[in-house]
Amino acid sequence: MRRYLVKILWGNIMLTSKKYVLTLITSILIILSISSIVYASEALINVNNLNVRNGPGTDFDTIMQVHEEETYEIIREQNGWIEIQLEQGTGWITKEFISIQGTETVEQGEDKNIISNQSVTIIHDKTTLREGPSTDYEIIGNVNQGTTLEVFDHVGGWYEVQWNEERAYIPDWSVGTDGSLTNGAPSVKDKTIVIDAGHGGRDVGAIGASGNFEKEYTIITAQKLKYYLEILGANVILTRSHDNYLSLSGRASLANAMNADVFLSIHYNSTPQFPSAKGASTYYYSERDSILATTIQEELLKATTMDDRGIHQESFQVTRESHRPSVLLELGFISNISEEQNIQSSVFQEKISKGIINGLNEFFSY
Ligand SMILES: [Zn+2]
């Protein structure tokens, strides 16, 4: 299919023979080759209430939701979004919260274009290279700060690069381009971070304006944060990775048992009686944790531009019983229609991760 198209386009170029047309068409060809990875496989959904949209991005309308442990045939992938076969028609889901099952047939082979001689520079020491564009793939090596690598492709937040005669994948924000999560050395590296997705199971937490439960949003945030922290070399433990009930003492004692460097309890707020309430707040129990609360709250506000509801000393069981540096984060109001919509978007969830990680880096640099 693609070769045929190439011939037609080259025909046009010969006819017009104008240089700017050639440049334009070359760009189109490159875009076509990047976006046409085809999978003969299935998407296994890892979370509940994952929005299915009518196009590849959060700007498109939600047409339905899919749930944990369901599988759907994958039609294609584009910019980190997967088009899946539904009972009627197709829809798009973000690749973040699915696993791909079965063998993937990547249609593009030897004829893949190099993206206009683009190269990237590594900004963190020991950045890991993987076999494929996800943390599910094996680590095949690592490279140090300052290394420059030639780029072949950019798909789903990962660069495909040339490394020692091999193709390898690195997350796009671990290199010297816009959107890097940190400004200096990643000080979360080798730290043990216990992330507690608030509520779960029969404890649904707060109820959003949409009727969704807080427990569903907290797990999405926890998983996203884990994903980014692990790329930066942190050792991350989730108190729960499924929709199951856990006692508050159990959550705190996991942080104690793991001797966590930091324990983060993730929550979303709700005040149905004041539907316009919005913004983020951070709670700590021990005076020792006020610095952690301050750095996270500050960086969170910078990254998300959410309203500042401040840091507060409060006796919540989960932070009181944790003997490790701990904070409880209220990451916005799901009772506020527009804030809940923000919280549902993966772009906003990425900003939350970025803010928390920057706050952690700052905390660890003290
Ligand atoms: Zn909560």
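Predicted model: local features only at pLDDT ≥ 70, side-chain atom pairs only at ≥ 80, totals over all residues.
Student: How do you know that the length of helix α5 agrees with its number of residues?

Tutor: Helices are DSSP runs of H or I with at least four residues, and strands are runs of E with at least two, numbered from the N terminus. The expected span is 1.5 Å times one less than the number of residues. For the 15 residues of α5 (290-304) that gives 21 Å, and the end C-alpha atoms are 21 Å apart, so the two agree.

Student: What makes α5 mostly covered?

Tutor: Buried means under 20% relative accessible area, exposed over 50%, and partly exposed in between, with a 1.4 Å probe and protein chains only. In α5, 11 of 15 residues are buried, among them Leu 292, Ile 296 and Leu 300.

Student: Why is His 199 called buried?

Tutor: Its relative accessible area is 17%, and the limit is under 20%, so His 199 counts as buried. His 267, at 10%, is buried too.

Student: What makes His 199 a donor of the zinc ion?

Tutor: Donors are N, O and S atoms within 2.8 Å of the metal (3.2 Å for Na, K and Ca); water is not among the atoms, so sites may look incomplete. His 199 (NE2), Glu 214 (OE) and His 267 (ND1) lie 2.0 to 2.1 Å from the zinc ion.

Methods: Residues numbered from 1 in each chain as written. Heavy atoms only, no water.
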